Amino acid sequence: MLKRVNRVALIGTGSVGSSYAFALLNQGITEELVLIDLNKDKAEGDAMDLNHGLPFAPSRTKIWYGDYQDCGEADLVVITAGANQKPGETRLDLVEKNTKIFKGIVEAIMASGFDGIILVATNPVDILTYAVWKFSGLPKERVIGSGTILDTARFRFLLGDYFDVDTRNVHAYIIGEHGDTELPVWSHADIAGTSISEWTKNKDGYNQEDLNQIFLNVRDAAYHIIERKGATYYGIAMGLVRLTKAILENENSVLTVSAYLEGDYGQHDIYIGVPAVVNRKGIRQIVELDLNEEEKAKFTNSVQVLKKTMEPVFKNIEL
Ligand SMILES: NC(=O)c1ccc[n+]([C@@H]2O[C@H](COP(=O)([O-])OP(=O)(O)OC[C@H]3O[C@@H](n4cnc5c(N)ncnc54)[C@H](O)[C@@H]3O)[C@@H](O)[C@H]2O)c1
């Protein structure tokens, strides 16, 4: 039997979208990739440019620039369209602008007959993922936000660097809002099954201040990068490719995504960053970490900040 062809539709071929397309092609993860953008010239130019790399790619990917009709046959739609953060702007400042843009985008996707999974990266990602879920009418497990996948990657990279251990052997999560109220789950951070406190015990050269600073560098990484080069895109692009692979290859991988909570972590009616098992059907299950009291309080605060920001915006938009 012929293997089914996977199609990914990418909406938004700006810095994040085009970096994602480039990384996806280089890893040979999908057979078809359609690029859609308000700026048709940019999408068409990207399709041409990426196609010219095909002789060097690990496998054949059919890439073209298209329109929303092409989403009808897609397994996965990835949305990276919308305004990005300007220097000094928080992710939450983008909420009203991007929610309005998203209403039009999601209506056009659904009008194509699309019945797959939507992955959102545009900021503020937790709120926009909630908006996509509402606008699309898709089941909650098939609407996923990139959440804190990038923050978790930054955390693992910096911890690996600090302890001089391969980052892939560092297991630690950033959860909560992808933004200023996110938090590190120190109580479950480990290196190869050894807790960080155990790892640092009776060893010189490590201290709590350094660990605190590592988290601050994670939380503020986007600001630091935007100050220097105007935008961040390679890290998130690779995170989106990782998620695409977990979905299309039915991996059941644990990744920190923005998922809908219905009582998990004691929270309701919110999309927020938590570890979850991801597969071909979307979010199979949320992994509920046993947080300590301080972590619980911080997570609750993160939920409250998101809800407070969402309320006035969604009041003015028909969901
Ligand atoms: N989730 C994360 O971890 C993460 C990380 C980095 C950036 N981001 C976010 O990703 C988003 C994109 O960032 P960027 O740097 O690529 O921005 P960009 O300005 O380079 O690209 C945005 C693209 O969206 C397109 N667009 C705008 N409105 C559209 C519409 N209605 N329909 C179709 N296309 C439309 C634009 O033409 C442009 O090509 C931002 O919201 C940014 O904050 C998220």
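The legends below describe close-up views of a predicted model.

**View 1. Helix H5 packs with helix H7 in the predicted model.** The two elements are H5, residues 149-163, and H7, residues 208-219. The crossing of H5 and H7 is right-handed. On the H5 side the contact is made by Asp 151, Arg 154, Phe 155, Leu 158, Leu 159, Tyr 162 and Phe 163. These meet Asp 210, Leu 211, Ile 214, Asn 217 and Val 218 of H7. Sorted by type, the residues of the H5 contact with H7 are 8 nonpolar, 1 polar and 3 charged.

**View 2. Trp 186 occupies the loop between strands E9 and E10.** Strand E9 covers 183-184 and strand E10 covers 190-191. Trp 186 has a relative accessible area of 24%. With neighbours within four places in sequence set aside, Trp 186 is in contact with Phe 155, Leu 159, Leu 211, Phe 215 and Glu 295. Phe 155 and Leu 159 are also among the H5 residues that meet H7, and Leu 211 is one of the H7 residues that they and their H5 neighbours meet. The C-alpha atom of Trp 186 is separated by 8.0 Å from that of Tyr 173, which is 13 residues away along the chain.

**View 3. Tyr 260 and Tyr 271 form a tilted aromatic pair.** A search of the whole structure gives 12 aromatic pairs. In the pair of Tyr 260 and Tyr 271, the ring centres are 5.5 Å apart. The ring planes stand at 55°, so the pair counts as tilted. Tyr 260 belongs to strand E12 (residues 253-262) and Tyr 271 to strand E13 (residues 268-279). The two residues are 11 residues apart, and their pair links distant parts of the chain. Tyr 260 has a relative accessible area of 9% and is buried. Tyr 271 is also buried, with a relative accessibility of 0%.

**View 4. Tyr 260 and Tyr 271 are members of an aromatic cluster.** The cluster consists of Tyr 130, Trp 133, Tyr 260, Tyr 271 and Phe 314.

**View 5. Lysine side chains sit over the rings of Trp 64 and Tyr 233.** The charged end of Lys 62 is placed over the ring of Trp 64, at 4.8 Å from the ring centre. Lys 229 lies over the face of Tyr 233, and here the distance to the ring centre is 4.1 Å.

Definitions and conventions:
Residues numbered from 1 in each chain as written. Predicted model: local features only at pLDDT ≥ 70, side-chain atom pairs only at ≥ 80, totals over all residues. Heavy atoms only, no water. Axes fitted to C-alpha atoms, helices over the stretch in contact; angles between N-to-C directions. Helix = DSSP H or I, 4+ residues; strand = E, 2+ residues; numbered from the N terminus. Left-handed = near helix turned anticlockwise from the far one by under 90°. Contact = heavy atoms within 4.5 Å. Nonpolar A, V, L, I, M, F, W, Y, C, P; charged D, E, K, R; others polar. Phe/Tyr/Trp six-rings, centres within 6.5 Å; stacked < 30°, edge-to-face > 60°. Buried < 20%, exposed > 50% of the residue type's maximum accessible area, 1.4 Å probe, protein only. Lys NZ or Arg CZ within 6 Å of the ring centre and 35° of its normal.
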